[in-house]
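Good morning, everyone, and thank you for making time for this short talk.

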Amino acid sequence: MRALTRTAIVPAALAVALAAQGCCFGEGIEQQEERYGWKIQDLDEYVKRAGPDTKKEIEEAKASMEKEYAGLPASGEDRRVALQKINEPWGKKVNALKDRVEGEEKAREEKAANAVEAKKAERIAAIAGTWQGGGMDLAISTDGKVSYKLEKPGSSKSLDGASIKRITDKEFE
């Protein structure tokens, strides 16, 4: 293993210090331009998934971000610094909008699941009752529990306490 000399350590320390400040290494103008582009792409994705109020806010945020971008210096270090200054706060704003869109999606999914369960309960309530005949007993409770007994000469089948998993207008499982 080769030992580091003083002349090798100083440039390495300088490179680390510059990189930590976002200068020259890893966060050049190309990377800043990419970061800006990713934020715009993210906003385009979120606007497709958002509810009406959030959609409007995302569109306004994107327009504001594009306006700031259009006012940046044309090139060079001034552009890189200016891009970095808009990328940092816009990154936080885009993440907050992402969280909001994901929260709205979760709420819509929960609402849809609740509607399915409510429809299931409504259908079960409509068929709840007891029936007997031909050696068969069938009972369906309002909470969807089923008891079934079928007796024929030489055989019998029974089911007690099973839950209805799915119900349509014509059948249940």
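What we are looking at is a predicted model, in which local features need pLDDT of at least 70 and side-chain atom pairs count only at pLDDT 80 or more, while totals for chains, interfaces and linings use all residues. Residues are numbered from 1 along each chain as its sequence is written, and side-chain values use heavy atoms, with hydrogens and water left out.

Helix 4 itself covers residues 76-127, which is 52 residues, and from its first C-alpha to its last it reaches 75 Å, close to the 76 Å expected, where the expected span is 1.5 Å times one less than the number of residues. Helix 4 also has a kink of about 25°, centred on Trp90; the bend at a residue is the angle between axes fitted to the seven residues ending there and the seven starting there.

Now to the packing. Two packed helices are described by the angle between their axes and the distance between the axes. The axes are lines fitted to C-alpha atoms, for helices over the stretch in contact, and the angles run from 0 to 180 degrees between N-to-C directions.

How do helix 3 and helix 4 pack, and at what angle? Their axes are 11 Å apart and the angle is about 175°, which makes helix 3 roughly antiparallel to helix 4 (angles under 35 degrees count as roughly parallel, over 145 as roughly antiparallel, 65 to 115 as roughly perpendicular and the rest as oblique). In this contact, meaning heavy atoms within 4.5 Å, the residues from helix 3 include Ile58, Met65 and Tyr69, and those from helix 4 include Leu83, Trp90 and Leu97.

Turning to helix 2 (residues 29-49) and helix 3 (residues 52-70), we find that their axes come within 9 Å and cross at roughly 160°, so helix 2 is roughly antiparallel to helix 3. Among the residues that make this contact are Tyr36, Ile40 and Leu43 of helix 2, together with Ile58, Met65 and Tyr69 of helix 3.

Finally, the axes of helix 2 and helix 4 come within 8 Å and cross at roughly 25°, and that makes helix 2 roughly parallel to helix 4.

Key
Helix = DSSP H or I, 4+ residues; strand = E, 2+ residues; numbered from the N terminus.
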